[in-house]
Amino acid sequence: MKIAEVRNILKGHSDEQLRLIIAELYKAIPKAIKEDINIDMMINSPDALKGSKEKTVKNKTPDIKSLQFETEEFVANAESLCYSIPNRIVPKKERPKWRFVVKRLYKNLSKAADVEANLPLAGKSLEKLYTLLCYSCDYVIFNTYDSFESIGIEQIEFFHKTLSINFRYQNKIDFISNAIELMVKNGLNRYTLYSELMDVILEFLKTTDMRELAIKKCSEMIKEEQNTQTKEVSVWQKDYAKERRINNLTEMGFLCYSQLYEYDNAIIYFKRNYIKEDKEVALYILLGLIYKIKQKEYFLREYEIALEEGVTPRNSLEKMYNYVKDNDEFPEYYG
């Protein structure tokens, strides 16, 4: 039936019949749809559905203040484990619905960002959600193994959306600092690599000065990490998280130098900062980065330098070296 026919038929029903119809329709609507279009709000506040077409158009843009408040409340509750352990704040039946809350907030914050004045609050709120989901990949705060998979949004997509909003209102220095920190200080889900997040950042570094600022930021953060004292239980233990951060920052700096076509500086930067006790593993990582930027001469050169320094490359690297030398091109896959 068309909506005009529905309205005409409903006029002939009693209040009791209308209540019965609404109740049955409510039960028939899937939970995900109830959350997505906020059916409960319609039932609790029917007056919100009234108004002119002009008002309806205005209401198409979600209220950013309400979204900010709801995001902060959700994040606080999640960090307090209210969605994973018994508590009086989040009812038991509502805890499994956290994924629908995140999907709705993501959708509405993205939509609110269409209005320029909403950009700062939308960007900061999305950052909080992104950071929370990253945290949940390492620690149990939801009833799921992979939070990004549960909400149906890839981590790379979420990261890109957040940066795209921040890019529209932050100055260059703030954007670059924020983007690199967001990449390096958060965990990953099982389908994402840090190199993929680096590629997302590189999409926004279109100018020489932005790439230079990114290198400067990476160098500053590496120095901070190196100067930070960590408590180790014994001489056999290492701060692997710290090592991971430094190595990711080093790779990011390498890629920025490469986009400036400063390949020698990129390699020097890598060798100066990358942490790996096993020289062969460090060589494998370095040659992988050179393969990524498709620089055959530097690949051959660094392989030969490693041989002179007494490093014994793995068989796959030796085969690749011979292939490049014989064919003057890279094979289809690395390693």
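The dialogue below reads several features of a predicted model.

Q: What conventions apply to this model?
A: The model is predicted: local features need pLDDT of at least 70 and side-chain atom pairs count only at pLDDT 80 or more, while totals for chains, interfaces and linings use all residues. Residues are numbered from 1 along each chain as its sequence is written, and side-chain values use heavy atoms, with hydrogens and water left out.

Q: How many helices and strands are in the protein chain?
A: Helices (H or I, at least four residues) and strands (E, at least two) are DSSP runs, numbered from the N terminus. The protein chain has 18 helices and zero strands.

Q: What percentage of the residues in the protein chain is buried?
A: Buried means under 20% relative accessible area, exposed over 50%, and partly exposed in between (1.4 Å probe, protein chains only). Of the 335 residues in the protein chain, 41% are buried.

Q: How is the span of helix H14 to be read?
A: The expected span of a helix is 1.5 Å times one less than its number of residues. Helix H14 (residues 240-259) has 20 residues and reaches 29 Å from its first C-alpha to its last, close to the 28 Å expected.

Q: Why is H14 described as largely enclosed by the rest of the structure?
A: The description applies because 16 of the 20 residues of H14 are buried.

Q: How do the axes of H14 and H16 cross?
A: Axes are lines fitted to C-alpha atoms, for helices over the stretch in contact, and angles run from 0 to 180 degrees between N-to-C directions. The axes of H14 and H16 (residues 279-292) come within 11 Å and cross at roughly 35 degrees.

Q: Which residues of H14 and H16 meet?
A: Contact means heavy atoms within 4.5 Å. Glu251, Phe254 and Leu255 in H14 meet Ile285, Leu286, Leu289, Ile290 and Lys292 in H16. By class, this contact has six nonpolar residues (Ala, Val, Leu, Ile, Met, Phe, Trp, Tyr, Cys and Pro), two charged (Asp, Glu, Lys and Arg) and no polar ones (the others, Gly among them).

Q: Where is a positive phi found, as in lysine 294?
A: Most residues other than glycine have a negative phi. Lysine 294, with phi near 60 degrees, lies in the loop between H16 and H17 (296-308). Its relative accessibility is 45%, so lysine 294 counts as partly exposed. Aspartate 328 has a positive phi of about 55 degrees and is placed in the segment after H18 (315-327). Aspartate 328 counts as exposed because its relative accessibility is 54%. Just after H14, tyrosine 261 takes a positive phi of about 65 degrees.
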